[in-house]
Amino acid sequence: MSLSFTDPQPILGPATANLYTKYVRITDETELRAHILRVRAILDNNPCDYRCIKEFRFAQPRLLERPIYSIILSQRLSDPSTPRPLLDIGCCTGTDLRQLVVDGYPASELVGIDQYALFVDAGYELFRDRKTCGVRFVIGNALEEGFPRGTRLEGERFEVVHAGSVVHLLDRKQIRNFVKGVRELVRPGGWFVGGHMGASETKDFVEVSGLRHLEAPAEFKRILEEEGFVEVVVNAENRGVREGVHTMWVDFVAKVQ
Ligand SMILES: C[S@@+](CC[C@H](N)C(=O)[O-])C[C@H]1O[C@@H](n2cnc3c(N)ncnc32)[C@H](O)[C@@H]1O
């Protein structure tokens with residue numbers, strides 16, 4: 001069971017306001033609320049029951065809140081002549097990618113992939129940049145056997161691959177295949193980073209507040225290491241007991257040598 005909000009108020013903090021002021025030139029809170037509600041109505045046509053849609057989080061720059069954000073950004077900005085292509089897997093409306101653009105990351109180095117064209121399309125409505133957006137979006141399934149083979153990302157290498165709130169949508173076997181596929185997309189010296197919900201003990205096929213699978217942080221770390229990532233750091237933050245399960249937010253950073 002998950003909450004379905006009817007008002008975007010909980011996500012309308014200073015960070016969200018700042019993104020829409022700078023990128024979309026919406027400065028009025030009432031107008032912003034109406035704008036986000038309009039886009040959520042488009043997104044409601046999706047076949048999945050994602051919390052990020054129901055709770056308006058698609059409209060919020062979520063990566064910005066994580067410690068890794070400033071590291072990714074400062075690495076790119078400190079050396080303007082070195083391109084650092086970044087891929088956001090499960091990018092949804094591309095909100096984190098637009099935040100990076102606002103903060104100075106070259107849009108031409110940013111790529112988002114999502115399984116639903118509807119989400120990417122709604123992103124153009126949300127950011128009113130269908131004709132001007134410099135970020136590249138790819139529609140593809142990151143869970144296909146052999147990913148990224150068969151997608152338009154095949155053969156590409158990225159300095160940073162990000163997956164926000166994706167791993168908890170997968171089951172154990174899918175996580176393994178997904179990590180394997182991501183490993184192919186990260187160039188030597190680059191990073192796989194992200195965050196998702198987990199639990200103190202792995203719970204497979206749970207339906208806790210709309211989440212499908214909660215991987216224990218230590219087990220996720222082991223999968224990353226077994227699939228060839230090094231310098232793996234996995235941090236967990238307690239998120240309380242939900243339906244009897246000790247949930248946590250799991251942040252991770254893993255390098256390719
Ligand atoms: C819970 S939302 C998270 C969105 C955003 N990354 C965030 O942090 O808020 C998960 C996103 O992953 C996408 N997704 C789920 N499974 C996918 C798959 N197999 N291939 C590509 N995208 C997928 C969904 O369509 C959705 O946009």
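Predicted model: local features only at pLDDT ≥ 70, side-chain atom pairs only at ≥ 80, totals over all residues.
Residues are numbered from 1 along each chain as its sequence is written.

The protein chain holds 8 helices and 7 strands; these are DSSP runs, H or I of at least four residues for helices and E of at least two for strands, numbered from the N terminus. The radius of gyration of the chain is 18 Å, close to the 18 Å from the globule rule for 257 residues, so the chain is as compact as a globular protein of that length. This radius is taken over C-alpha atoms, and the rule is 2.2 Å times the number of residues to the power 0.38. Along its principal axes, the C-alpha trace spans about 50 × 50 × 30 Å.

Of the 257 residues, 39% are buried. A residue is buried if 20 or more other C-beta atoms lie within 10 Å of its own, exposed if 12 or fewer, and partly exposed in between, with C-beta atoms placed from the backbone.

Helix α2 covers residues 29-43. Its 15 residues should span 21 Å at 1.5 Å a residue, and its end C-alpha atoms are 21 Å apart, which agrees; the expected span is 1.5 Å times one less than the number of residues. Buried in α2 are L32, I36, V39, R40 and L43. Seen down the helix axis, the buried residues fall within an arc of 105°, so they line one face of α2. The arc is that of the directions from the helix axis to the C-beta atoms. On the face turned away from this buried side are the exposed residues T30, E31, A34, R38 and A41.

Helix α1 (14-23) is one of the elements that the buried residues of α2 pack against. In α1, the buried residues are T16, L19 and Y20. They fall within an arc of 90° seen down the axis, so they too line one face of their helix. After α1 comes R25, with a positive phi near 65°.

Another residue, R128, lies in the loop between α6 and β3 (136-139). R128 counts as partly exposed because it has 15 C-beta neighbours inside 10 Å.

Conventions: Contact = placed C-beta atoms within 7 Å.
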